[in-house]
Amino acid sequence: MANKRKSKGATKKRSTMNLRPLLKPAGVGLVLILLVSALVVAGSKIGGMHWTPMPVENVELSTVLVYQSNESFEVVAKPFIGKSLLTTDVDEVREVIQSLPWIRSAAVGKKWPNSLVVDVTEYQPVAIWNGQRVLNSEGLALEQPVVEMELATLNGPEQSALEVMEHYLQFSRVIDSVDAQVKKVTLHSRGAWELEITYAIEIALGDRNVLERSRRVVDVIRAHDEIKTIKSIDARYPNGVAIAYHEIEEIEVQQ
């Protein structure tokens, strides 16, 4: 009986020795994880002062800003300085950055041990809207970008910004075919459209069939060797246009 009890004791001892090397690293790791988690969630008070684990010291912008000012980026990024990198919510940072008017999208990542890294995509400016703001590629009227640009001027009722921008892009494709540019587009409150193109040529299109009429204008321009002699073109006629020259009285050209 004594030998039998001894044999059981030996077996139990060998089992304990075999498990100990496996359990020890896992146990230490678990303790460290729990310790760090406790410090991060609850913080710790040393000498009456609050300690922030791994504070954010930098919010790095990996993109060169063109239309949005660096100063405005720094203003919205500053509140995250000093917060714990471990607990900072990158989605919150992203939403704050995207609240800037010329920022279309932002991606935020953590760079250990003390930095947030931000990559942004900006909206593209299209045209000046009603003399003050600038339309982006989605037809939204934004504050002036920091960079100075030569843009076309669009005018119209406030709620018509997207419609006017879309017509401007269509008119531009038509007018570009004669090596001219649309400088101004105006939509009047009663629906009539007017253009100003290269050499300050004024074009009246009326309130209907405006794209067809703009193509008619292009045909007239092609027929002129020197378009700079043209002062204005009135394309509101059913079958033709009226042309005014800088030094010649207005004449009607039938097609």
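Is methionine 54 buried, partly exposed or exposed, and what is its relative accessible area? In this predicted model, methionine 54 has a relative accessible area of 30% and is therefore partly exposed. The residue is found in the loop between β2 (49-51) and β3, and its phi is positive, about 50 degrees, although methionine 54 is not a glycine.

A positive phi also occurs at alanine 200, again not a glycine, with a value of about 60 degrees. Alanine 200 is placed in the loop between β11 (193-197) and β12 (201-206) and counts as partly exposed at 47% relative accessibility. A further backbone feature is the cis peptide bond between tryptophan 112 and proline 113, for which omega is about 10 degrees. Proline 113 belongs to the loop between β4 (103-111) and β5 (115-122).

The largest pocket holds about 170 Å³ of space. Its lining consists of Glu150, Leu151, Ala152, Tyr168, Ser172, Asp176, Gln181, Val182 and Lys183. Two or more of the lining residues come from each of α4 (161-175) and β10 (182-187). By class, four residues of the lining are nonpolar, two are polar and three are charged.

Two of the lining residues, Glu150 and Lys183, are also paired in a salt bridge, with the closest N and O atoms 3.8 Å apart. Glutamate 150 is exposed, with a relative accessible area of 73%, whereas lysine 183 is partly exposed at 29%.

In total, eight salt bridges were counted. Among them, lysine 111 and glutamate 60 meet through their side chains at 3.6 Å, N to O. This pair links distant parts of the chain, with lysine 111 in strand β4 and glutamate 60 in strand β3, 51 residues apart. Both partners are partly exposed, lysine 111 at 42% relative accessibility and glutamate 60 at 28%. Another salt bridge joins arginine 222 to aspartate 219, with the closest N and O atoms 3.6 Å apart. These two residues are separated by about one helical turn, because they are three residues apart in helix α5 (residues 210-222). Aspartate 219 is partly exposed, with a relative accessible area of 44%.

On the surface, a nonpolar patch is formed by Val66, Val146, Val147 and Met149, which together have about 290 Å² of accessible area. Valine 66 lies in the loop between β3 (58-61) and α2 (70-77) and is partly exposed, with a relative accessible area of 38%.

Methods. Residues are numbered from 1 along each chain as its sequence is written. This is a predicted model: local features need pLDDT of at least 70, side-chain atom pairs count only at pLDDT 80 or more; totals for chains, interfaces and linings use all residues. Side-chain values use heavy atoms; hydrogens and water are left out. On a 1 Å grid over the protein atoms alone, a cavity is a set of points where a 1.4 Å probe fits but cannot get out, and a pocket is an open set with protein on both sides within 12 Å along at least five of seven lines; lining residues have an atom within 4 Å of a point. Grid points are joined across faces, edges and corners, and a volume is the space filled by probe spheres set on the points. Helices (H or I, at least four residues) and strands (E, at least two) are DSSP runs, numbered from the N terminus. Ala, Val, Leu, Ile, Met, Phe, Trp, Tyr, Cys and Pro count as nonpolar, Asp, Glu, Lys and Arg as charged, and the others, Gly among them, as polar. Patches are made of residues with over 30% relative accessible area and no salt bridge: like charges are joined within 9 Å, nonpolar side chains (Val, Leu, Ile, Met, Phe, Trp, Tyr) within 5 Å. Accessible areas come from the Shrake-Rupley method with a 1.4 Å probe; for residues, only the protein chains shown count as cover. A salt bridge is a side-chain nitrogen of Lys or Arg within 4 Å of a carboxyl oxygen of Asp or Glu. Buried means under 20% relative accessible area, exposed over 50%, partly exposed in between (1.4 Å probe, protein chains only).
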